[in-house]
Amino acid sequence: MRKEQHHKGWNEIKTNDSWALFKIMGEFVNGFEKMSSIGPCVSIFGSARTKPGDKYYELAVSVAKSIAEAGYGIITGGGPGIMEAGNRGAHLAGGTSVGLNIDLPFEQHDNPYIDGDKSLDFDYFFVRKVMFVKYSQGFVVLPGGFGTLDELFEAITLIQTNKIEKFPIILVGSEFWKGLLDWIKDAMLKMGNISPNDLDLIQIVDTENEVVDIIDSFYKGNILSPNF
């Protein structure tokens, strides 16, 4: 027999929201305590659907390995695909490998290359995004979907509006990203919705050496520290 669907009343929703605040606070406290002790890191983003053997998976491994060898830890979303590749590269280099996992009904599961004491679990995307931005000294973004674009444009917006200090935002894979950058120039810039110097916030490359060169060059003149 079909169960009657329960529709929450307004007061019940308000009560649930009040209790949710404690869980949200707990995720922030746990995240700040663990992430603050890890040290300078670079976050790697990209599709959870990219399989081992794919050129971008293998490139992500190489990029992460090179970044870790340059002395930075690697932060990913902790799941499969490009995230797994990022943690795998850090693991191969003997570097710090952090996973910020999110509870999802599909796609997401922990990958085996995260350091045992550096795997964090989140229920709330917005708390997780704060951890990425606060504790990353750079964003390296490989081909991905809506979630990847969400993280990318969040960082650009925060830097553009001076809510955080500038840090390198590097798009890896010119073949994939060229169309988006062309649209930004031909639509957003031409309509005056962004300024010409906003384009300087993004750099597109194709190799791991270019990624490391950009990050190292930036921090020759800037202090390594949390972003806010």
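Lys and Arg count here as positive and Asp and Glu as negative, with His and the chain ends left out. On that count, the protein chain carries 21 positive and 30 negative side chains. The centres of the two sets lie 4 Å apart. The model is a predicted one.

**Fold and dimensions**

- The protein chain holds seven helices and seven strands.
- Their order along the sequence is α-β-α-β-α-β-β-α-β-α-β-α-β-α.
- The radius of gyration is 19 Å, close to the 17 Å that the globule rule gives for 228 residues, so the protein chain is as compact as a globular protein of that length.
- Along the principal axes, the C-alpha atoms fill a box of roughly 60 × 45 × 40 Å.

**Contacts and surface**

- Among contacts in the protein chain with a separation of 6 or more, 72% join residues 24 or more positions apart.
- Of the 228 residues, 46% are buried.
- The accessible surface of the protein chain is about 12400 Å².
- Carbon and sulfur atoms account for 55% of that surface.

**Nonpolar core**

- In soluble globular proteins, nonpolar side chains tend to be buried together.
- The largest nonpolar core in this model has 55 residues.
- Within this core, I67 and V140 touch the most other members.
- Helix α2 (residues 55-69) supplies the largest share of the core, eight residues.
- Beyond its neighbours within four places in sequence, V140 is in contact with V42, S43, I44, F45, V63, I67, I170, V172, V211 and I215.

Notes
Residues are numbered from 1 along each chain as its sequence is written. This is a predicted model: local features need pLDDT of at least 70, side-chain atom pairs count only at pLDDT 80 or more; totals for chains, interfaces and linings use all residues. Side-chain values use heavy atoms; hydrogens and water are left out. Helices (H or I, at least four residues) and strands (E, at least two) are DSSP runs, numbered from the N terminus. The radius of gyration is taken over C-alpha atoms; the globule rule is 2.2 Å times the number of residues to the power 0.38. Buried means under 20% relative accessible area, exposed over 50%, partly exposed in between (1.4 Å probe, protein chains only). Contact means heavy atoms within 4.5 Å. Accessible areas come from the Shrake-Rupley method with a 1.4 Å probe; for residues, only the protein chains shown count as cover. The place of a charge is taken as NZ of Lys, CZ of Arg, CG of Asp or CD of Glu. A nonpolar core is a set of buried Ala, Val, Leu, Ile, Met, Phe, Trp, Tyr and Cys residues joined through side-chain atoms within 4.5 Å.
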